Structures are given as C-alpha cells and as structure tokens.
Amino acid sequence: MLTHFFQYEFLQNTLYTGLLIGLIAPLLGSFVVVRRLSLIADGLSHVALAGIAFGLFLEKRYGVLFLTPFYSGTLFSVFGAIFIERLRSIYHAYQEIAIPIILSAGVGLSVIFISLADGFNNDLYNYLFGSVSAVSRNDLYGIIIIATIVIVILSIFYKELFMLSFDEEHAKVSGIHAKRIHFLFIVLTALVISASIRIVGVLLVSALMTLPVAASIRIARGFKQTILFSIMFGELAIIIGLISGYYLEIPPGGTIVMVLITSLLLTITLKRVWLNMKRKRAI
Amino acid sequence: MNKSIVQMKNIKYAYEDKMALNNINLTIPTGSFLGLVGPNGGGKTTLIKLILGLIKPQQGQISLFGQDITEFNDWNKIGFVSQKANSFNRGFPATVKEVVSTGLTAQVGYFKFFNQGHRQKIIEAVDLVGMSDYLNQNIGDLSGGQQQRIFIARALVSDPKFLILDEPTVGIDTENVQKFYQLLHKLNSEQNISLLLVSHDVGTMTKYANGVACLNKSIHFHGNTSDFTNLTEHQLSQFYGHDLNIVTHQH
C-alpha cells in the first residue's frame, strides 16, 4: 500500500513530512498538554493561517516567490507566539485571555488577506484541511530543519522543561530561568504548528498535538512513557491518514483526527476494563 | 559554639504600604529543628522567601552559612518543601523517580544530562523517606502522606544541609502526620540536617522540634520547646492576636 509513497517524489515529500510531524507534534504536545496550554495550539494555528493567506496574497498579487506560504505561516506563527507571551504577562491574572485575542486576530487577518487575494482557492483549502499532494521538496527541507531544531532543543532542555511543567514554583525557587525556558517552548510550539499544517491543516493541527497525548496519558506510567505512546499514536494516525487520503482522494487531516479519536476511546475503555478487573481481584 | 545556618539582623520588609516583618533578629544554629509558628498573615512565608533569596529585605542583613546572602550562591545546601507542593496537578503523568529527579535539575545545570551517579542519588533519596517500593509509580496514584514524603525526597536529593518546610502537613491525615514528623526527626538526628518547619500544628510540632520561634510581624518568642509549652495562654494569645489553645495528640 505504501509503494506509491516511495515511487513518486511528491508522495515521498508527504510521507517524510508526515513521519516527522508524527514525531515532533506529539513530542512537544506532551509538554503542551501537561502545562494546560492545549488551546495555545489552536490560537497559533489561526495566526499561521493569516501568514499563509499573506504568502498566497503576495504570490498571487505581486508574484513574490521567495516568501512561500509555508515560510510566511511559520513567521506569523512565531510572532504570534511572542505576542501571546506579551499578552500573558500584561494580563497576569487572566492569562487565558491571550488565546481568544490572538485567535481572533489570526482569523481577522486571514479574512483580509484572503479577500485581497481574490477569494478562496484550492491551495487555501489544502492548508485548511491538509493535503497528500501539497508538500514541495522545499517545504520538506524547511520541515526537516524545524524537526531538527525541536528535537535538539527539547533534548537539551528536557529536564528544565519537565521541572517547569510539573512544579513551576519549585523550578523558580531552584533558580531555573522559567521565563526564558517558557519562551523557547512557545516558539518551538509555533514552529511545530507551522510544520504540521501542510499535512493535517490549520483547523486540525492542534488535534495532532493534543489527542495522542490525551490517549497516552490514560495508560502511560511516567512522563517519558507518555511521550513514547503519544508518538506511537501520532505516527499510526499519520500513516493511516496519508494512505487513506491518497487512495480515497480526501484530505488526510480528517482521517488522522478520527484515528486519534478512536485511539483515545480505546485507551479510555481499556483503562476502565483494567481498573474493573483490578477492583474485582481485590474483592 | 555552634555555627549558625541563618542569621537575620534587624530585618524589615513591607509589601507596598503594609509592614510584613519588623525588626527581625533570628539565628538558626547548625543542627537545630526549629518550629516557626504564628497567625496567618504574620509573615512566616515572607520570612522563608527572604531566607531563600526570592525577595530582598528593605532593611537589615541576612547571612547563610556564615556568608552574606548577596554573595551566597551555594543554594544546593538549602532544600525547600513548599505548602503548595501537595496542590500539584494529580493527573500529571510523572513517576516518583521523575519527580525526585527535578530536585537535581538546578544542581546538574543547563546543557548537561543526568548520569549514573545522579540516578543512584535519586534511588537513595527515595529510600531515605521509605518509599523505594514506589519508584516507578505515578505520583498521582499515591496517598497525600506518601506524596509529601516524595516531595521531601525531592528536597533531599541534592544533599541539603538545611531543609525548610512551609506547612507541609496541610491535608494529611493524623496518622500520616505522626509518621511525617518521625521522618523529620530522623533526618535531623541521624542525617544531621537542620530543619525549619512552619506549622499550625503547634501541639505535634513541639513534641519533635527542639526550638520554637513565634512570629507575628516580629519575633515574639524564640527559645526551646519546653519554655514555649510553659507559656501561659494569655501570653500565647497576645502573640497570636487571638485566643489560642495548644492541643497535644495522645497516641
């Protein structure tokens, strides 16, 4: 079933991109979920949409080719992350308000750029719901660079990020530079979101970061195992999503999310059955 | 003569226009187990923050291990268990081992990874608090008393000489509170770790601590536990600003 994915270059680009984001989205998503920042992914993906619309607008109106929608989306997403952090420090007592502000700003800008670019086209549809055929070799190189940055930085700062996620106060008392580490984390989140949009689409990108973790957290013992299971769920969903997307000619984003939802329901059920059996044995 | 771990001289600290601590003079000698008592809003947590260097006094001088706090950088010598430690997210998927490892994060430093020696230290710290059977359990699956022991292990893993505990027994049942105090007594007498314990449980605390300081904006009493328990109710009520009875549990 996967033979076509190794035969054609455009499918190779998609497969490699898929496998990379299947690794980095749940990896970073594990930190996003335990830090209770799941909605940030949604906010940033909408800002990335504004960036993509801006890139498409420049391409269509002025023939600008050096700033592709992927790179403009990444740029907007990173600036969105910095803006969220500023808002969170300004509205210290209402930090969650940063999300609707950034989300509505993203949608507002998207509408403006889409209209200026003379409407909704097929390319934008691919960005919204993901596509099997839209990843260029250039996009793949960008995603390889992002994946490398994410893996290296997360490996280096794993212990600090874990400490900050588990007990922020203790991390601060111990002298960990909480603000700097958090800033790094939020920028990485923006990069992962922009890398994932090509495959799963703007509207479903946060699902790839949070659903595998939600499933994994039910059955994992410890944080490292949570990450490992999340990546396994993420990769499984990506592979099924890409294969079904190619053969059924549908955007892969929908299938990926539905596979993840199925894994989530399965883990919830399995955990419940296991707990019931344990309880019965105890009686 | 004992060397002091903490020495505070003429400390004043105010939050905007509200005086939190006024003219504090406090010495904590090496090897002591000092209980810090006082009413809510009396400045106990502020005093701890000053010792931990999280805030700076507006007046006065603090020395830690004989060194001025502004020059002190050996923070690994001080362990801290916060009153918020047991209000963590119980659904957090972290094993006991992972939680205790966070006590070493600052000591290991940036750009470095845990090695075999660090992993051994984690096992030893968990063993010291009697929780070695739970190393690979998720912390959320443990009882409140067991979780509090893990937070002690987290504070102990970096080999501190001085341990500060800010109301660590809140939300723990009486039986586990007793076990908890026995553990503190063991750490103090066998491991030579000096302790500063903030607690409202005056009755139990005075059974195990060897000194008591009563703080209500300023230090109203600082002496050994027998002198403290001999204070009249009237004197105690004056310190606290309201009526107070010391209840001693009999087990």
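# A tour of chains A and B

Start with helix 1 of chain B, residues 44–51: 6 of its 8 residues are buried, so this helix is largely enclosed by the rest of the structure. Buried means under 20% relative accessible area, exposed over 50%, and partly exposed in between, with a 1.4 Å probe and protein chains only. Helices (H or I, at least four residues) and strands (E, at least two) are DSSP runs numbered from the N terminus.

The model is predicted: local features need pLDDT of at least 70, side-chain atom pairs count only at pLDDT 80 or more, and totals for chains, interfaces and linings use all residues. Residues are numbered from 1 along each chain as its sequence is written, chains are lettered from A and ligands numbered from 1 in the order in which they are written, and side-chain values use heavy atoms, leaving out hydrogens and water.

**Helix 1 of chain B.** Select K44(B), T46(B), L47(B), I48(B), L50(B) and I51(B), the buried residues of this helix. Just after the helix, G53(B) has a positive phi of about 75°.

**Colour chain B by pLDDT.** This is the predictor's confidence in each residue, from 0 to 100. The chain B mean is 87, with 93% of residues at 70 or more.

Select N138(B), in the loop between helix 4 (116–128) and helix 5 (144–156). N138(B) counts as buried because its relative accessibility is 12%. A polar atom of the N138(B) side chain lies 2.8 Å from the backbone nitrogen of G222(A).

Next, go to N23(B) in strand 2 (residues 18–29). Its phi is near 55°, positive in a residue other than glycine, and at 43% relative accessibility N23(B) counts as partly exposed.

N192(B) sits in the loop between helix 6 (174–190) and strand 8 (194–198). N192(B) also is not a glycine, yet has a positive phi of about 55°; at 56% relative accessibility it counts as exposed.

Key. Polar contact = N/O pair within 3.5 Å; in protein donor to acceptor, adjacent residues only side chain to side chain.
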